[in-house]
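Please look over the sequence and the structure before reading on.

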Amino acid sequence: MKKSILIVEDIHSIREAIMDLLSTKFNVFGAEHFEEAVWYLTNEKIDLTITDIRLPGKSGIDLVKLIQKEFPNILYALMTAYNINEYIKYAKDLHIWNIIPKYSFLDIHLIEVMVEKLLSNDIFGIEKYFTGDFKVYSQNINSEFEEAPSNGILYKQIKSDQDRSILCGKISKNLIQLGAPKAIQQVLEELTSNAMIRAPRTHEGEYKYQFEIPSHDMVVPLDNIQLMPDDYFLIGYGATESTIFIVVRDQFGSLRKEEILHRLDRHISIDDSTGFPKGLEDSHGRGLYICREISDQLIFNIEPGVCTETIAMINREGRTGFKSLSIYEVDPKSKTNP
């Protein structure tokens, strides 16, 4: 049976464009404002609601609050033409994991991928974001560095801090030659560091390769880390005609979506007493914020206790607009993949 989607958007052309795209695979309804949306939620079996934040009358935030209270089985996501950073606190407080930006022309494909991921519970893989003959090269993960493929992704396995350092240096040099900013090195360092020292946990939930100082919200990594085989992780890199990207995938799924929003909020929100971000002196979290600022898209795919996949994408033709909020988590109750 087809899933049903409700699109709530007061601009007719945008609403119709999204509905047309999704109608080949889903039953799609359109609403212009809050009251019309409530009518559909009440009278139709809706699986997912995508709503603009700013609507005539009550807002998309109000609609999400209503869905959470009255229709708890309905999934939801937001979209906006404004800076998504302005809504991170709402996202943190209301458990909103996906907000899609509207550029000068709405990125329709990003909405299509979001819908597929939310409704199928199949969230992993950068290939979902590209069409055509995009290829995944994962058969030689233990071989030496290779240059990024022109229309695909190449994966390598990291076994130690030395592996990580050498490979990050070579990958960043390669991607910079392809047009990535020099700051791509910082994205690589941050994402691989998280996979190596923050992701691996014991059965008791304690860190394996760093020790924690809770009183100072601080963790200190060990020196010259040599990972145990169960703790090896993958780094993927590649490019298409329009995009350069990095993927880091660990075997733990210990990153919490609540932690992501907490850290982003800390570094976006300003402390009125100092005029600086609240998280300026936090021992961690700033790297995540910086990775998001450098990347055009930073996407988190999480299956708790199994895997965290972080995807950073950079547009080769320059900045595309405001950054999305893209956090996906496998729901074990409706898991379709082994």
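A crossing of two helices is called left-handed if the near helix is turned anticlockwise from the far one by less than a right angle, and right-handed if clockwise. The model is predicted, so that local features need pLDDT of at least 70 and side-chain atom pairs count only at pLDDT 80 or more, while totals for chains, interfaces and linings use all residues. Residues are numbered from 1 along each chain as its sequence is written, and side-chain values use heavy atoms, with hydrogens and water left out.

Helices (H or I, at least four residues) and strands (E, at least two) are DSSP runs numbered from the N terminus, and two strands pair if DSSP finds at least two bridges between them. An open sheet of mixed pairing is formed by 12 strands in the order S2-S1-S3-S4-S5-S14-S12-S13-S11-S10-S7-S6. Its edge strands, S2 (27-31) and S6 (135-137), each pair on one side only. Strands S7 (residues 152-158) and S10 (residues 233-239) pair in the antiparallel sense over 7 bridges, and Gln157 stands opposite Leu234 in S10.

| Helix | Strands | Angle |
|---|---|---|
| H1 (residues 12-22) | S1 (4-8), S2, S4 (75-80) | about 170° to S2 |
| H7 | S10, S11 (243-250), S13 (307-315) | about 15° with S11 |

The axes of H7 (residues 184-198) and H9 (residues 286-294) come within 9 Å and cross at roughly 140°, and the crossing of H7 and H9 is left-handed.

Definitions and conventions: Axes are lines fitted to C-alpha atoms, for helices over the stretch in contact, and angles run from 0 to 180 degrees between N-to-C directions. Contact means heavy atoms within 4.5 Å.
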